[in-house]
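Good morning, and thank you for coming.

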Amino acid sequence: MKGSDLLVAALENEGVERIFAVPGEENLDVVESLHGSSIELIVTRHEQAAAFMAATYGRLTGKPGVCMSTLGPGALNFSTAAAYALLGAMPMILITGQKGILTSKQARFQIVDVVSSMTPLTKMAHQIVSNATIPTIVREAFRVAQEERPGPVHLELPEDLAREEVPDIPLVPLHPIEIPVAHPAALERAAAMILEAERPLIMLGAAASRPRLADALSDFVRRVRIPFFNTQMGKGSVAGGANLYMGTAALSERDYVHQAIDRADLILSIGHDTVEKPPFIMGPGGPKVIHIGYAPATVEQVFFPHAEVVGDVGPSLALLADRLEGKVKNASALLQLREQIFARLTDRATESRFPLTPQRIVHDVRQVMPEDGIVCLDNGMYKIWFARNYRTRVANTLLLDNALATMGAGLPSAMMASMLYPERRVLAVCGDGGFMMNSQEMETAVRLGLNLVVLIVQDDAYGMIRWKQGIDAFADWGLTFGNPDFVKYAESYGAKGSRVDTADGLVPALEAAFKGGGVHLVTVPVDYSENTRVLVEELRNRVPAAA
Ligand SMILES: Cc1ncc(C[n+]2csc(CCOP(=O)(O)OP(=O)(O)O)c2C)c(N)n1
Ligand SMILES: [Mg+2]
């Protein structure tokens with residue numbers, strides 16, 4: 001057995017099913033060890049996509065996804081996705097190769113201090129310097145990546161260690177870990193505050209979307225019957241609570257959902273992670289906030305809770321519901337605002353304008369997606385519209401990144417969702433800018449035989465930045481570009497392609513794409529004049545709610 005065999009055995013011990021990679025020569029021993037293992041090697045066309053896929057595996061399963069690259073250039077291509085997983089709290093293991101550390105046969109060729117570059121982007125970054133430590137380091141890496149708050153861990157395996165013969169070193173067994181539940185005093189304090197509140201409101205944040213939390217969270221909302229809104233990354237976490245949903249805070253203030261937020265005197269913030277763009281701005285005189293989370297809140301200029309319930313969120317919420325069920329007399333105080341909030345959100349959702357309005361695109365996508373269908377967004381202007389207007393009823397059915405908010409993750413994250421849930425409809429929604437940042441992965445998607453539809457929202461521009469340029473009264477300059485013929489582009493990968501050229505053409509195009517199976521790209525032109533009309537002018541004129 002050599003070092004790479006031991007590494008792969010340790011990964012098998014952790015239940016790893018696949019590794020996403022762009023290998024370099026420094027990884028070749030590991031590649032050979034994978035050959036004889038139960039782990040599938042999936043090569044991508046850019047390291048960024050490999051790591052975005054591994055991170056999304058972690059996000060959707062709660063278990064670390066694994067990706068691998070070579071030293072220097074390959075490892076540096078992991079940087080953005082490491083930050084994506086760190087900010088987004090997605091468990092992931094990044095393995096990179098390195099030149100030998102015992103000799104220096106190629107001097108400094110391709111050598112970058114990768115561990116140092118990964119240190120600020122991961123929960124832990126470590127060079128393996130002795131094969132004897134592989135079993136413990138791998139076990140520690142998975143534990144650290146998976147435990148709250150989850151995130152990426154980097155391991156560097158130099159090629160001479162990978163090649164070196166090792167004696168049979170026992171692997172470290174796994175054991176289940178239960179996180180402590182919140183202290184009774186914290187539960188009593190929170191319960192008292194909620195029972196005293198006149199206008200309570202629940203906010204579901206990013207950590208509310210942890211896969212293991214879905215049922216417990218839904219039970220809590222159903223038992224206490226307090227209306228809820230969510231942050232962008234908390235979207236979709238309550239099943240069956242549709243009549244208590246008040247909206248999504250896609251903007252930090254002045255949106256219609258803020259009519260409820262501004263009036264609330266108590267916000268029960270479940271799993272809020274301040275990596276997200278603020279869902280509302282706290283200030284003196286605003287509502288009281290109780291933070292419920294796996295970890296204590298981070299105190300920020302715009303978020304400073306008055307009480308905390310820290311511990312395993314699911315069981316802690318059950319204990320809180322035991323103290324509250326049937327007793328929250330003001331639970332529905334804010335519920336009457338619901339109808340007027342939704343009336344505003346559905347405005348122009350069916351308008352027959354061509355190019356299509358963003359509202360129409362969101363509306364039409366919802367028509368073709370079943371309840372359990374998964375929409376994965378890249379980053380661009382349409383993300384605000386989807387976060388605001390797309391209704392979700394099943395946890396983790398709208399995957400977006402409101403943490404690093406990087407472009408380029410939409411397609412890889414949808415590919416991962418499609419691999420994990422081949423029986424569900426999966427749609428990537430990308431701008432023409434973001435799609436082209438990782439569009440080469442169309443080849444990977446076709447090669448893997450995925451069923452996946454990619455919708456490109458086409459405005460021939462970096463639309464979101466162009467919009468902000470306009471808001472800030474800069475001249476409309478410099479942010480447009482040309483595009484390939486997307487239909488031909490898709491076809492050149494062996495995928496299918498279609499173009500929407502009428503206002504009513506999106507639903508049939510998406511239906512046909514899903515029914516046809518395989519990888520299918522649909523491009524739809526968008527009329528982004530709605531960005532300013534609604535998100536600036538209309539909301540500017542909205543009368544803020546009196547507290
Ligand atoms: C990797 C990366 N580069 C730049 C940005 C800044 N940025 C945010 S949105 C955006 C424009 C996105 O353009 P596109 O994908 O075409 O979507 P649109 O806004 O036009 O719908 C840019 C450049 C970013 N978030 N991530
Ligand atoms: Mg664009």
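A helix run has at least four residues and a strand run at least two. Please also keep in mind that the model before you is predicted.

How many cavities of 30 Å³ or more does a search of the whole structure find? The search finds three.

I shall describe the second largest cavity in some detail, with a volume of about 50 Å³. Its lining consists of Tyr256, Arg344, Leu345, Asp347, Gln359, Trp385, Arg388, Asn389, Val534 and Glu538. Which of the elements supplies the largest share of the lining of the second largest cavity? That element is α15, with three residues. By class, the lining of this cavity has four nonpolar, two polar and four charged residues.

The largest cavity has a volume of about 80 Å³. Among the residues that line the largest cavity are Phe228, Asn230, Tyr245, Arg391 and Arg393. Gly236, Ser237 and Val238 are also included in that lining. Here the classes are four nonpolar, five polar and two charged residues.

The largest pocket has a volume of about 660 Å³, and 33 residues line it. Of these, Gly62, Gln146, Glu147, Glu148 and Arg212 lie nearest the centre of the pocket. The elements that contribute two or more residues to the lining are α3 (47-61), α7 and β14 (398-399). The largest share, four residues, comes from α7. The lining of the largest pocket comprises 15 nonpolar, nine polar and nine charged residues.

Finally, we come to the surface. Ile101, Leu102 and Val129 form a nonpolar patch there, and together they have about 280 Å² of accessible area. Where is Val129 found? Val129 is in the loop between β5 (124-127) and α7 (134-146). Is Val129 buried or exposed? Its relative accessible area is 55%, and therefore Val129 is exposed, since the term applies to values over 50%.

Thank you for your attention.

Notes
Residues are numbered from 1 along each chain as its sequence is written. Chains are lettered from A and ligands numbered from 1 in the order in which they are written. This is a predicted model: local features need pLDDT of at least 70, side-chain atom pairs count only at pLDDT 80 or more; totals for chains, interfaces and linings use all residues. Side-chain values use heavy atoms; hydrogens and water are left out. On a 1 Å grid over the protein atoms alone, a cavity is a set of points where a 1.4 Å probe fits but cannot get out, and a pocket is an open set with protein on both sides within 12 Å along at least five of seven lines; lining residues have an atom within 4 Å of a point. Grid points are joined across faces, edges and corners, and a volume is the space filled by probe spheres set on the points. Ala, Val, Leu, Ile, Met, Phe, Trp, Tyr, Cys and Pro count as nonpolar, Asp, Glu, Lys and Arg as charged, and the others, Gly among them, as polar. Patches are made of residues with over 30% relative accessible area and no salt bridge: like charges are joined within 9 Å, nonpolar side chains (Val, Leu, Ile, Met, Phe, Trp, Tyr) within 5 Å. Accessible areas come from the Shrake-Rupley method with a 1.4 Å probe; for residues, only the protein chains shown count as cover. A salt bridge is a side-chain nitrogen of Lys or Arg within 4 Å of a carboxyl oxygen of Asp or Glu. Buried means under 20% relative accessible area, exposed over 50%, partly exposed in between (1.4 Å probe, protein chains only).
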